[in-house]
Amino acid sequence: MALSNTEGSKGLLQSRELFEYVLETSVYPREPELLKEIRVITANHPQSLMSTSPDAGQLIALLQKLINAKSTIEIGVFTGYSLLLTALTIPQDGKITAIDMNKDTYEMGLPIIKKAGVEHKINFIQSQALSTLDELLKDDANRGSFDFAFVDADKVNYQKYHERLLQLVKVGGIIVYDNTLWLGTVAMPEEFVKEDLKPTRFYSIEFNKFLANDDRVQISQVPLGDGITICWRL
Ligand code: SAM
Ligand code: CA
């Protein structure tokens with residue numbers, strides 16, 4: 001099956017054929033049916049490119065399984081691809097604190113989340129993420145209590161989210177940041193980058209440099225999807 005332009009432009013692999021091969025061989029056959037449904041309904045949304053790339057999603061679910069993640073934070077829900085992925089991965093009594101300032105897009109995927117029988121694991125908070133994280137930090141019980149966090153929202157705030165997540169996620173827990181290669185623009189000379197991509201290119205370059213020097217986490221930057229950086233809390 002040929003990739004649509006939207007799907008094709010999500011991958012950073014050097015050829016569309018190789019990206020398609022990975023998806024068709026290893027990702028789509030194991031993608032849960034209802035997750036596929038969210039992907040399909042999201043494809044009609046004008047901003048469908050925002051949805052987490054399924055190959056990156058597969059690694060995220062694997063990481064969650066490896067650390068037995070039970071309590072997670074999700075910053076940037078959109079229509080809920082990564083949210084449903086997490087909800088399907090964590091145990092029945094697991095909990096996801098899911099933050100997005102836009103509830104309409106969350107509600108697009110909600111019927112599918114309900115169909116999957118995992119809505120009880122989700123605490124959706126419609127808010128600016130920064131203020132919600134600050135709220136969480138006011139309660140000492142939340143500090144070091146989360147196993148996993150996935151950050152996929154406004155890149156300008158990634159460093160601020162990082163400082164707060166380091167206090168909320170336990171030692172041995174994992175924080176994953178999405179889009180850290182920003183369509184490959186982080187490695188392009190600025191003059192070749194489209195104007196609308198420049199601000200986030202700048203924040204991403206700064207954030208990548210910052211993480212490379214942050215000894216509170218062990219990191220790996222993986223060129224799946226639009227680039228994800230995995231941080232293991234030391
Ligand atoms: N992870 C999602 C998925 O798999 O479909 C995609 C998230 S999308 C790239 C980014 C989302 O972040 C949008 O839904 C947007 O409303 C939300 N967002 C952007 N800035 C935000 C902020 N400051 N606080 C909370 N949500 C924000
Ligand atoms: Ca993303």
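Met50, Ser51, Thr52, Gly76, Val77, Phe78, Thr79, Gly80, Tyr81, Ser82 and Asp152 line the largest cavity. Here a cavity is a set of points, on a 1 Å grid over the protein atoms alone, where a 1.4 Å probe fits but cannot get out, and lining residues have an atom within 4 Å of a point. This is a predicted model, in which local features need pLDDT of at least 70 and side-chain atom pairs count only at pLDDT 80 or more, while totals for chains, interfaces and linings use all residues. Residues are numbered from 1 along each chain as its sequence is written, chains are lettered from A and ligands numbered from 1 in the order in which they are written, and side-chain values use heavy atoms, leaving out hydrogens and water.

The largest cavity has a volume of about 50 Å³, a volume being the space filled by probe spheres set on the points, which are joined across faces, edges and corners. Its lining divides into four nonpolar, six polar and one charged residue. For these classes, Ala, Val, Leu, Ile, Met, Phe, Trp, Tyr, Cys and Pro count as nonpolar, Asp, Glu, Lys and Arg as charged, and the others, Gly among them, as polar. The structure holds three cavities of 30 Å³ or more.

Next come the pockets. A pocket is an open set of points with protein on both sides within 12 Å along at least five of seven lines.

| Pocket | Volume | Lining by class |
|---|---|---|
| Largest pocket | about 890 Å³ | 14 nonpolar, 14 polar, nine charged residues |
| Second largest pocket | about 270 Å³ | nine nonpolar, three polar, three charged residues |

In the second largest pocket, Arg30, Pro32, Gln58, Ala61 and Leu85 lie nearest the centre. Helix H4 (54–66) and helix H5 (81–89) each give two or more residues to this lining, and H4 has the largest share, with six. Helices (H or I, at least four residues) and strands (E, at least two) are DSSP runs, numbered from the N terminus.

Asp152 sits in the loop between strand S4 (146–151) and helix H8 (158–168), and Asp178 in strand S5 (residues 169–178), 26 residues apart. Asp152 is buried at 13% relative accessible area, and Asp178 is buried at 5%. Buried means under 20%, exposed over 50%, and partly exposed in between (1.4 Å probe, protein chains only).

Finally, there are 13 salt bridges, each a side-chain nitrogen of Lys or Arg within 4 Å of a carboxyl oxygen of Asp or Glu. Arg39 pairs with Glu31, their closest N and O atoms being 2.6 Å apart; Arg39 is buried at 15% and Glu31 is buried at 6%. Asp134 and Arg164 meet at 2.7 Å, N to O. Because Asp134 lies in helix H7 (residues 129–138) and Arg164 in helix H8, the pair ties together parts 30 residues apart in sequence. Glu163, Asp214 and Arg216 are linked in a network of salt bridges.
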